[in-house]
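Here's a quick briefing to read with the model open. Have a look at the structure first, then go through the notes by topic.

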Amino acid sequence: MKIQVKLGQENMEIEVSRQGEKLLVELAGQTHELRMVGRTNGVLVVEVNGRFLHLAGTKQGYKRQLWLNGRCVAYERLTAAGGDAEDVAGLLSASIPAVVADVLVKVGDEVSAGDKLILLESMKMIIPIEAPHDGIVADLNCATGDAVQPGLPLVEIRTAE
Amino acid sequence: MFSKILIANRGEIAQRLITAAQELGVKTVVVYSEADAGAPWVLAADEAYGLLGVTASETYLDQEKILDIAQACGAEGIHPGYGFLSENAGFAANCASRGIKFIGPSVDAMAVMGSKARARDVAVAVGVPVTPGVDGAGKSDAELAEAAVEIGYPVLIKASAGGGGKGMRVVGDPAEFLDALQVARSEAANSFGDDHIILEKFFTRIHHIEIQVLGDEYGHVIHCFERECSIQRRHQKIIEETPSPTIPHEVRLEMAQAAVTLAQAVNYASAGTVEFMYTGGGKFYLLEMNTRLQVEHPITELVTGLDLVQWQIRIASGERLSLTQADLSQRGHAIECRVYAENPAQNFLPSIGTLSHCSFPVMPHVRIDSGIVAGSAVTPYYDPMLAKVVVWGGTRRDAIARMVNALKRTVLLGVTHNIPYLLAILQESHFQAGETTTHYLADYFADWAEPAVWDDELALAIAAFELLDHGMSDMLTTGDAVMVKPDPWQNPTRWRNV
């Protein structure tokens with residue numbers, strides 16, 4: 001299968017397949033064999049032709065954070081269709097770390113463009129999240145008092161069919 | 001010695017205080033906000049009491065609640081740590097009125113040093129150098145222009161009643177002085193209702209050097225040498241070291257003597273820090289005295305072998321400081337890096353979230369002061385410092401190399417943090433050469449962003465990680481953090497080896 005990721009501003013593609021216990025990764029025409037050696041304290045040890053990759057990772061939605069042999073790398077997994085997961089219309093998130101001060105809608109509510117959906121509080125300011133277009137609240141992923149990170153979808157507005 | 005003390009703080013410093021008290025055989029009581037329930041430092045205490053609420057003012061700053069708990073549980077002393085109530089002379093007085101010992105200096109010493117003007121007066125009276133300056137009260141514009149030349153350009157004009165940068169003007173050119181003076185006066189009058197201004201020498205590239213002092217209740221004060229804390233972002237220190245790579249030894253001794261003199265002038269009885277700016281050429285000026293334990297105290301502990309927190313507790317319990325100045329020396333070099341949950345590439349915006357991974361290196365001469373574990377939440381309610389990584393080395397170069405290795409082996413995932421930024425600084429040539437002014441980060445790291453380097457190693461790692469558990473939940477992580485709370489009594493694997 002092909003894995004498409006975005007690192008910084010660049011989109012990259014990796015060809016990977018599974019063969020029993022091994023992973024086969026194709027890079028610049030060369031095939032690398034990966035073998036899982038062990039796991040300590042959340043850090044995986046993966047062997048590639050005798051070399052070790054010490055690897056830890058975490059994933060939230062399409063966002064990834066890796067620790068790899070002493071360096072930290074953040075990247076995004078792109079969807080199979082090649083689209084940028086960030087741009088899904090109607091998925092609204094906080095732009096800065098904040099606390100949810102109030103949730104003004106519930107799933108199923110009809111909203112109009114500009115309606116306030118959620119109030120966020122950060123650095124002593126109240127920041128509203130407003131509906132970008134008319135629609136229906138399809139999903140709510142936060143509650144009053146939650147601490148939220150930028151980029152995580154908090155509410156989804158779907159255009160009424 | 002106390003039999004039980006209350007710790008009015010949280011996070012890594014609460015853990016640090018618990019350890020010191022335990023080593024002295026003193027029982028510890030912590031108070032914790034709702035956001036901190038279950039934190040490792042809460043679990044480490046002998047007793048813990050929840051405070052309703054999450055904000056600092058509802059919890060760690062609520063004097064009445066904390067004092068009520070201290071009295072109810074029979075705590076004989078309260079250690080305030082740093083921040084929160086640590087420099088609040090009123091709180092220290094309230095402790096005394098309830099018959100509880102405040103583990104810190106006297107109320108008087110805190111009140112004097114807590115006021116910049118009074119601290120400056122004391123310093124002048126005992127001959128400790130303060131920033132060259134002139135009080136503008138009752139002086140004509142011409143007299144002030146003359147004074148500015150005498151002080152030496154650039155000069156800073158600031159409102160006496162001021163704060164927050166209002167009424168402040170830096171003047172580099174004598175031709176602009178009179179205009180700037182008018183503007184500063186009118187700003188001061190508009191903002192504070194008082195056009196009283198002060199003229200001071202302005203320094204751009206200074207070194208922040210501070211002296212640790214330790215005094216007891218019987219008038220004995222010693223110093224524990226200096227710390228250089230010039231690497232600052234947004235006026236907050238991120239890397240500290242001792243000895244200073246900057247000052248000559250005779251200046252070190254002069255500064256240390258000045259600090260001891262100042263501490264003696266207010267009968268200082270605890271650990272405290274006298275902060276100076278060093279402007280080169282042997283010249284230094286008092287910034288302020290911090291009447292509390294400093295965040296960066298561990299580096300002093302590593303080079304002197306002292307335990308400053310234990311001494312604070314021992315001194316507060318009435319013990320004499322049994323050390324003399326001759327007992328102390330600086331051995332080797334120590335560095336501290338403050339690991340923050342923040343994004344250095346986005347103006348140090350705090351990052352919040354849950355730590356899926358949290359593992360620190362266990363190696364010789366590496367000390368980790370932290371109050372987090374995998375699964376801990378980093379909330380927007382408190383300071384986003386995750387940990388202090390502190391190392392000792394025989395030389396500065398050894399200490400830097402050890403720090404680089406320790407930071408590379410610190411695994412923190414789930415929030416954005418400044419380890420890549422710290423690593424870049426430690427490996428930058430001017431830092432390595434010891435050229436560390438308070439302007440250093442602005443000079444060399446103004447537009448820093450973590451380089452995204454694509455290479456085979458990374459591609460292989462991504463392939464392995466993405467295929468780890470194809471199609472599992474959105475919270476996939478290689479870590480041990482438990483994302484869903486299980487029934488605590490129905491998790492036999494967790495208890496099996498207890």
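Let's start with strand 1 (residues 4–7) of chain B, which pairs in the parallel sense with strand 2 (residues 27–32) of chain B over 4 bridges. Pairing here means that DSSP finds at least two bridges between the strands, and helices (H or I, at least four residues) and strands (E, at least two) are DSSP runs numbered from the N terminus. This is a predicted model, where local features need pLDDT of at least 70, side-chain atom pairs count only at pLDDT 80 or more, and totals for chains, interfaces and linings use all residues. Residues are numbered from 1 along each chain as its sequence is written, while chains are lettered from A and ligands numbered from 1 in the order in which they are written.

**Around strand 1**
- I5(B) has T28(B) in strand 2 of chain B as its bridge partner.
- Strand 1 of chain B also pairs with strand 4 (residues 77–79) of chain B, in the parallel sense over 3 bridges.
- For L6(B), the bridge partner in strand 4 of chain B is I78(B).

**Two helices together**
- Helix 12 (residues 396–408) and helix 13 (residues 419–426) of chain B have axes that come within 10 Å and cross at roughly 160 degrees; axes are lines fitted to C-alpha atoms, for helices over the stretch in contact, with angles from 0 to 180 degrees between N-to-C directions.
- So helix 12 of chain B is roughly antiparallel to helix 13 of chain B (angles over 145 degrees count as that).

Key
Parallel < 35°, antiparallel > 145°, perpendicular 65-115°, else oblique.
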